[in-house]
Amino acid sequence: MEQRTPTLRSVAWLWFGISTAVLIIGFRQAIFLVPTDAAQGNVGRIFYYHVPIAMLSLIFPYINFAASLFYLYWRRRDPLKALTADALALSTAEVTVVYSSICLLTGMLWGRATWGIWWTWDPRLTSMLLLWLLYVSYLMLRRFSSTGQTQTLAAVLSVFAAVDVPIVYMSIRWWRTQHPAPVFGGGPGSGVDPSMLPAFYWNLAGWTLWGICIVLFRFSLERRRQHAEQEAALQAIEASLEIPQ
Amino acid sequence: MTWHSFFDLSTMPHRHLLFAYLTVWVIQGGYFAWTAWNWVNVRGGRR
């Protein structure tokens, strides 16, 4: 493990550097190179951050869901593997809250400038807010529960929370209200002008790489915290054995 | 668009474009900084 650490650290720094470089290229594309939207003007450039981040905010919950299922499967069979799955579940839940918060806030700023309103109880907006609330409650449960079964309760909540993800995805296909129709994969008539695609793909790649980077960083932090807890428990046991009877 | 028009706060659409990009950087950067701060302050145990 000690020999692997410098290599892992180098890979982590390389990943961080590549993510940052791709994000800088994406920003340059979105702000300086893409032609101004004829209908919306410059405020339409929010698209290049809002849409990729909204797409990713529906991907991380599935990693959280899979990790939670593995936790539930391993918690009695192999507790050490279960701890690893739990660390991944926690890190993806936090990143889901980060990405969905950004999605909601950038959407509100964009909506106020184009629709004239900050918020409406449209099915897409409401289901996205519900997703955000579900993962915030997941983190609150983990932070404040003192039952001794916190990780199991959180894993079960994660399974229920994952049900909302396909509802968010399908909401603009099932109901046509305030939020625009699907831009990608929406059938005939959907899609964007080809001049918009490079900026979109650079930002999608950038925020994907960055998301993986922060999930792995947070996962490593949680594993470090778990090792520290195990170390403290071992020291307590060793100290109790040294007490003369 | 130029840097000058990116930081142009004269109209509501321009302000909202800038605020949207700032919101993304502040939240992502803040979360990264919080994780890094904890990384420095959590001592690793025996592996």
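The model is predicted: local features need pLDDT of at least 70, side-chain atom pairs count only at pLDDT 80 or more, and totals for chains, interfaces and linings use all residues. Residues are numbered from 1 along each chain as its sequence is written, chains are lettered from A in the order in which they are written, and side-chain values use heavy atoms, with hydrogens and water left out.

The side of chain A that touches chain B draws at least two residues from each of the helices listed below; helices are DSSP runs of H or I with at least four residues, numbered from the N terminus.

| Helix of chain A | Residues |
|---|---|
| H1 | 4–33 |
| H2 | 47–56 |
| H4 | 79–114 |
| H8 | 197–241 |

H8(A) gives the largest share of that side, 14 residues. By class, the side of chain A comprises 26 nonpolar, 5 polar and 9 charged residues; Ala, Val, Leu, Ile, Met, Phe, Trp, Tyr, Cys and Pro count as nonpolar, Asp, Glu, Lys and Arg as charged, and the others, Gly among them, as polar.

In total, 40 residues of chain A are in contact (heavy atoms within 4.5 Å) with 30 residues of chain B.

Within H8 of chain A lies A:Ile214, which is buried at a relative accessible area of 1%; buried means under 20%, with a 1.4 Å probe and protein chains only. Leaving aside neighbours within four places in sequence, A:Ile214 is in contact with A:Val95, A:Tyr99, B:Gln28, B:Tyr31 and B:Phe32.

In chain B, B:Asn38 belongs to helix H2 (residues 12–41) and is buried, with a relative accessible area of 17%. The side chain of B:Asn38 reaches the backbone oxygen of B:Trp34 at 2.8 Å.

Helix H5 (residues 123–144) of chain A has 22 residues and reaches 31 Å from its first C-alpha to its last, close to the 32 Å expected. The N-terminal end of H5(A) is capped by A:Asp122, with a side-chain oxygen 2.8 Å from the backbone nitrogen of A:Arg124. Buried residues of H5(A) include A:Leu131, A:Tyr135 and A:Tyr138, and the buried residues pack against H3 (60–77), H4, H6 (150–162) and H7 (164–174) of chain A.

Methods: Buried means under 20% relative accessible area, exposed over 50%, partly exposed in between (1.4 Å probe, protein chains only). A polar contact is a pair of N or O atoms within 3.5 Å; within protein, one must be able to donate a hydrogen and the other to accept it, and residues adjacent in sequence count only if both atoms are side-chain atoms. The expected span of a helix is 1.5 Å times one less than its number of residues.
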